[in-house]
Amino acid sequence: MSTIILNPSSNVSLSLAPHPHPNLGTVKKSGLALFGLGLLMLFVSLTGASDGTPLLFLLLSFGLASAGGLLYILPQIRENPPGIKHNSIFFSAAMARGAIGWIIGICFTGFYVLLYWFPELLTRWIRLTDPLSAVLRGRPADQWFLYGTFYTLAILVMGARMFVKYRHSRYQQIRTASVMFFQLGFAFLIPAWLELLNQPGFYFTYFWPLRPYSLWPGDVQSLMNHPGGLGIFMVFWGAVMTFVATPVLTYFFGKRWYCSWVCGCGGLAETLGDPFRQLSDKSLTAWRVERVLIYSVLVFVTVTTLLLWGNSYSGGAVLGGLSQGFASWYGFLIGSVFSGVIGTGFYPIMGSRVWCRFGCPMAAILGILQRKFSRFRITTNGGQCISCGNCSTYCEMGIDVRWYAQRGQNIIRASCVGCGVCSSVCPRGVLNLENGPMKGRYNLG
Amino acid sequence: MDDLTIIGNGITGTTVARHVRKRSSRPITVISSEYPYLFSRPALMYVYMGHMRFEHTKPYEDWFWEKNEIMRLFDHVESIDTDRKMLRLRQGGERPYGTLVIATGATTQKFGWPGQDLPGVQGLVSKQDLDLMEENTRHVRRAVIVGGGLIGIEMAEMLTTRNIPVTFLVREEFYWDNILPKEEARMITRHVYEHGIELRLSTQLKEILPGPDGRVRAVITDKGENIACEFVGVTTGVRPLIDAVKGSKIEANRGILVNEYLETNVADVYAAGDCAEFRTPRPRHPKVEQLWYTGRMQAEALARTLCGDRTAYDRGIWFNSAKFFDIEYQTYGFVSNIPLPDENSLFWEHEDHKHSIRIVYLAKSEEVIGFNLLGVRYRQDVCRRWIQEKRTVRYVLEHLGEANFDPEFFGEMEPAVVEAFNRQSPYSQVRLRRRRGVTNLTQA
């Protein structure tokens with residue numbers, strides 16, 4: 001453990017030999033050991049060892065891994081004074097596309113492939129979460145409950161890491177608390193609780209077009225037909241969020257109110273994905289690809305939605321096969337492959353926002369609103385940019401923030417999710433996320 | 001059309017090239033023996049610390065220069081013949097020029113210490129220095145840094161990220177107190193200790209000793225202390241790099257002598273940035289300006305001149321910024337380390353010793369002339385406007401929130417600053433009227 005010397009007369013550091021890999025200390029080492037043990041137990045359970053004792057193995061795997069993660073993360077508070085400490089990230093085998101990064105990428109990707117197309121191979125893991133599912137939902141777990149459990153734990157544990165890392169920045173703390181709250185409450189506990197009450201397991205934080213089903217005839221009709229008023233409220237809620245709340249909130253706060261404060265995909269990117277944010281491609285070519293892809297997905301989902309409703313009105317006579325084909329291809333290509341396998345699986349290779357940047361149709365709409373009709377901007381503070389590149393490097397959306405900052409221009413980009421990390425890492429205090437009058441917000445030099 | 005040759009592709013040289021290109025299509029060649037593309041010199045530290053790869057320090061993608069027809073020549077200018085308008089290159093032989101801009105920058109200043117050229121002793125200015133430092137610090141058990149300026153503290157931060165213990169020799173009583181007022185200098189000094197740096201204040205280097213392998217083994221200070229170390233960082237300032245003009249008709253003193261238009265004594269030859277020295281600087285302005293910002297601003301003025309719009313360099317209301325480990329520093333206007341007799345200074349420091357705000361104003365007229373900020377971000381445009389408009393300290397305090405540039409949800413320190421002022425002058429109370437926000441900024 002490195003030593004902090006507060007007493008100027010102390011000579012403690014003289015006794016320190018240089019360590020390329022400093023001693024982790026007992027607590028962190030125990031944390032790593034527990035985390036490893038938890039993973040091991042997860043694999044042990046695949047042998048059938050956990051059959052009959054799922055609760056024990058749930059605690060031994062998920063429990064130990066989470067506790068180990070926290071034990072590894074929390075002592076970092078004492079290691080350094082608060083501040084940006086991106087030390088050695090680009091020497092890291094995990095965070096700079098090294099061997100460990102590729103291994104993690106393959107594991108993530110493989111997990112998504114199993115989850116979407118071979119869930120029976122995950123049966124024993126699903127069974128592990130039965131006790132939790134029984135308490136929360138009053139029914140056995142399925143693959144999506146398993147996924148939700150993984151997802152929520154990842155956001156909570158890695159959210160704790162964000163608190164440690166950004167203990168000097170209230171913006172980052174509050175934002176992280178927000179994504180943890182919305183994931184745990186609105187994307188995990190509340191849907192489970194609704195199911196316990198025999199209501200539709202509705203996600204109040206996902207709307208069309210990110211969750212296209214919210215406004216597709218199938219879901220809408222089944223919700224409307226649900227006994228009691230809650231189903232109708234859910235349809236109403238979804239429509240209001242898409243058509244009213246989205247433009248209004250984006251006008252006042254920019255896209256960030258959703259992408260880096262509420263959304264679950266964003267929540268995962270901002271916590272589990274944070275160690276990989278620097279891997280996003282900043283080239284002009286990547287930006288071109290991004291614009292083509294993201295608006296194509298938006299067109300795809302819009303056309304699919306219109307076809308489905310057209311088909312629904314015509315009683316399935318005209319567009320039946322076509323619209324169903326669109327819908328199932330959308331679900332496969334966009335819902336599973338793009339947002340899941342690539343979006344999260346490629347974190348260690350392409351950075352934490354691959355889906356949000358290249359695919360998410362919700363991000364596309366929010367982006368258009370942010371660009372054209374919003375009070376949000378990243379203000380550049382006069383001529384103080386030293387072109388160092390920290391802002392661009394750590395932009396998870398691959399925005400070349402420096403391009404604007406070094407010209408003294410404000411940054412207004414459709415893709416900016418307002419995570420605020422450019423402002424946090426700027427060593428000269430040049431960047432600030434602000435809401436203000438639309439007049440003059442571009443501040444072109 | 002008249003060809004433009006620029007020696008040096010740091011921020012000054014490339015800014016001249018970019019801004020000339022914006023206004024004209026004349027041929028532009030940038031000659032450098034450091035690196036073929038522009039990179040951010042202040043960012044070299046982040047490469048060593050692993051925050052970024054070297055690639056990330058390049059402000060423009062490599063295609064940018066071709067696309068803008070800014071030719072780059074990787075060579076070293078050995079000498080300049082202004083009569084024949086000819087450059088002698090190390091590899092490329094002779095090369096004619098039409099108009100010449102010298103922006104060769106600066107290099108480490110050493111003061112003739114015994115052993116200063118031993119292997120393991122170096123400064124940090126160029127990319128080559130960075131590569132050398134990587135090499136030199138590989139198996140180091142202790143490093144000594146000589147000179148308490150900005151590069152020194154950056155080097156200290158760099159080395160600590162590699163877990164190399166650092167002893168930091170600082171000539172002054174507190175870190176950088178030849179620039180910072182005593183209170184701020186104390187805060188930073190304390191923060192340097194907090195990061196585990198062994199500070200030796202009021203201490204200078206006397207001698208660097210070689211070991212049996214011919215590399216640095218130890219240093220001896222003027223207080224007689226012998227500090228064993230395998231690396232010595234020399235950060236006692238930088239001097240203009242003017243080797244290219246030696247033996248030419250271009251006049252030089254410490255730097256290449258220029259007037260306010262950045263013109264040298266020879267027609268069609270200009271100099272700007274770290275290597276230039278003003279013959280007659282304005283009052284309270286230095287002769288040699290060696291900052292990223294001044295290099296860029298000089299280059300912008302010079303580019304106008306080169307395009308037929310002869311423009312004097314005017315850096316406007318002074319500003320600068322830096323970061324000392326975790327504490328950011330911004331300054332606007334004039335803040336002297338020792339207050340001048342006709343100045344008053346309002347200073348507020350947070351109890352955690354990591355945030356402070358100083359407002360300097362004239363005692364008689366109460367007009368504000370400078371700001372010093374540690375651990376808090378202020379808007380350059382607002383501070384500049386207040387100084388330009390000669391606003392009184394009372395006006396500034398009432399509107400102080402307008403200047404705050406800290407991120408949302410950060411604690412606002414302005415009420416405490418106003419309170420500090422009211423304690424100083426209990427008979428005329430000031431009330432803070434503006435909190436943080438951008439709503440009134442459109443006029444800025």
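How many helices and strands does chain B have? I began my notes with this question, keeping in mind that what I was looking at is a predicted model.

**Entry 1: chain B as a whole**

I looked up the secondary structure and found that chain B has 10 helices and 25 strands. I then turned to its overall dimensions: the radius of gyration of chain B is 24 Å, which is close to the 22 Å given by the globule rule for 444 residues, so I noted chain B as being as compact as a globular protein of that length. Along its principal axes, the C-alpha trace of chain B spans about 75 × 60 × 40 Å. I also checked burial, and buried residues make up 50% of the 444 residues in chain B. Looking at contacts in chain B with a separation of 6 or more, I found that residues 24 or more positions apart account for 60% of them.

**Entry 2: where chain B touches chain A**

I next looked up the contact of the two chains, to which chain B gives 47 residues and chain A gives 52 residues. On the chain B side, the elements that give two or more residues include the helices α6 (182-194), α7 (292-306) and α8 (380-388), and I also listed the strands β12 (198-200), β21 (319-324) and β22 (327-333) of chain B. Of these, β21(B) gives the most, with three residues. Sorted by class, the side of chain B that touches chain A has 21 nonpolar, 14 polar and 12 charged residues.

**Entry 3: helix α12 of chain A**

I then followed helix α12 of chain A, residues 284-313, and compared its length with expectation: at 1.5 Å a residue, its 30 residues should span 44 Å, and because its end C-alpha atoms are 44 Å apart, I recorded that the two values agree. The buried residues of α12(A) are A:E290, A:I294, A:V297, A:L298, A:V301, A:T304, A:T305, A:L308 and A:N311. Just after this helix, I noted that A:G315 takes a positive phi of about 70 degrees.

**Entry 4: the packing of α12(A) with α16(A)**

At what angle do α12(A) and helix α16 of chain A pack? I found an angle of about 110 degrees, with the axes of α12(A) and α16(A), the latter covering residues 361-372, lying 8 Å apart. From α12(A), the residues A:I294, A:Y295, A:V297, A:L298 and A:V301 meet A:P361, A:A363, A:A364 and A:I365 in α16(A). By class, this contact has nine nonpolar, no polar and no charged residues.

Note on methods. Residues numbered from 1 in each chain as written. Chains lettered and ligands numbered in written order. Predicted model: local features only at pLDDT ≥ 70, side-chain atom pairs only at ≥ 80, totals over all residues. Contact = placed C-beta atoms within 7 Å. Helix = DSSP H or I, 4+ residues; strand = E, 2+ residues; numbered from the N terminus. Nonpolar A, V, L, I, M, F, W, Y, C, P; charged D, E, K, R; others polar. Expected span 1.5 Å × (residues − 1). Buried ≥ 20, exposed ≤ 12 C-beta atoms within 10 Å, placed from the backbone. Rg over C-alpha atoms; globule rule 2.2 N^0.38 Å. Axes fitted to C-alpha atoms, helices over the stretch in contact; angles between N-to-C directions.
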